[in-house]
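Please open the structure in your viewer and keep the selection tool at hand. This tour moves from one selection to the next and says what is found at each stop.

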Amino acid sequence: MRNYEDTYQHKGLRKNLVEVLKQKGITDNKVLDAVNAIPRHYFLDSAFDKIAYEDRAFPIDEGQTISQPYTVAYQTQLLQPKRTDKVLEIGTGSVYQACVLAEIGCRVYTIERQKKLFEKNKSFFFKQKYPNIKFFYGDGFEGLTAYAPFDKIIITAAAPFIPPRLVDQLKSGGLMIIPLDEGESQRMLRITKQDNGGYTEEYFDYFSFVPMLHGKNN
Ligand code: SAH
């Protein structure tokens, strides 16, 4: 059981986390404000309460992880989110990343391939606070054709290649952030969709993600 209480101690730890993120190079105030606003300990088992604001990843159900705050902030900053942007997220996981985008004001469409994680999120405690998050059970490689095109796409698992169907679902001028699989670690890639349907690529730092897998898992 989890007690949804956001104490002064939690708030203080969160302020410290924001300072850590600034020191590591996160400069976008929208991103820093969102991290400061969201009680990350709500997304974790109560056993992690005291350490929820350390800058590290933690296990959630089904052998998956909630990404490290620095990684979430880094990807979100590269995405250059704006209010009312329509954003597709691949890998709902704990919903923390989706909440960061929703807090900024984006309309978030998030896909998860693990049935149990998807089912769990049906009773997600921030449903009313963030009505701008829509949950889908499916294979992220396919995207969401029915809701395309998107202003931005963010992949939060290690992608073995740039998923072509996601490129198709990106608006012209839109951005997609992809932790691109290079073996042990992934290189963060940002692509910008061009008017002719092609894209340009920019490469950033190395990170470590769980794999983006094909198909759905019951
Ligand atoms: N954004 C999440 C990070 C979760 S880890 C958070 O903030 O907590 C990555 C998630 O991607 C896992 O839950 C995993 O099940 C999911 N995933 C992996 N491959 C996928 C795919 N093809 N489609 C949708 N989700 C996928």
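**A threonine to begin with**

Select T156, which is buried, with a relative accessible area of 12%; buried here means under 20% relative accessible area, exposed means over 50%, and partly exposed lies in between, with a 1.4 Å probe and protein chains only as cover. Before going further, note that this is a predicted model, in which local features need pLDDT of at least 70 and side-chain atom pairs count only at pLDDT 80 or more, while totals for chains, interfaces and linings use all residues. Residues are numbered from 1 along each chain as its sequence is written, and side-chain values use heavy atoms, with hydrogens and water left out.

T156 sits in the loop that runs between β6 (150–155) and α6 (164–168); helices (H or I, at least four residues) and strands (E, at least two) are DSSP runs, numbered from the N terminus.

**The ligand and its shell**

Next, display the ligand together with T156, where an N or O atom in the side chain of T156 is 3.1 Å from a nitrogen atom of the ligand. Taken alone the ligand exposes 580 Å², and the protein buries 99% of that; these accessible areas come from the Shrake-Rupley method with a 1.4 Å probe, and for residues only the protein chains shown count as cover.

Widen the view to the whole shell: 27 residues surround the ligand, and the closest are G91, S94, E112, G140 and L213. A residue counts as near if one of its heavy atoms lies within 4 Å of the molecule. If you colour the shell by class, there are 11 nonpolar, 12 polar and 4 charged residues. To place the shell in the fold, select β2 (65–66), β3 (86–90), α4 (96–104) and β4 (107–112), each of which supplies at least two of its residues.

**Along α4**

Stay with α4, a mostly covered helix in which 8 of the 9 residues are buried. Among the buried residues are Y96, Q97, C99 and V100. V95 is buried, with a relative accessible area of 0%. At the other end, α4 is followed by G105, whose phi is positive, near 110°.

**Helix α3 and the residue after it**

Move to α3 (residues 69–79), where 10 of the 11 residues are buried, including P69, Y70, T71 and V72. Then select Q80, which follows α3 and lies in the loop between α3 and β3. The phi of Q80 is near 45°, a positive value in a residue other than glycine, and Q80 is partly exposed, with a relative accessible area of 39%.

**Three further stops**

Is G63 buried or exposed? G63, in the loop between β1 (58–59) and β2, is exposed, with a relative accessible area of 65%.

Now select A148 and P149, which are joined by a cis peptide bond with omega of about 5°; P149 lies in the loop between β5 (133–137) and β6.

Finish at Q186, in strand β8 (residues 186–193), which is buried, with a relative accessible area of 4%. A polar atom of the side chain of Q186 lies 2.6 Å from the backbone nitrogen of F209.

Terms used. A polar contact is a pair of N or O atoms within 3.5 Å; within protein, one must be able to donate a hydrogen and the other to accept it, and residues adjacent in sequence count only if both atoms are side-chain atoms. Ala, Val, Leu, Ile, Met, Phe, Trp, Tyr, Cys and Pro count as nonpolar, Asp, Glu, Lys and Arg as charged, and the others, Gly among them, as polar.
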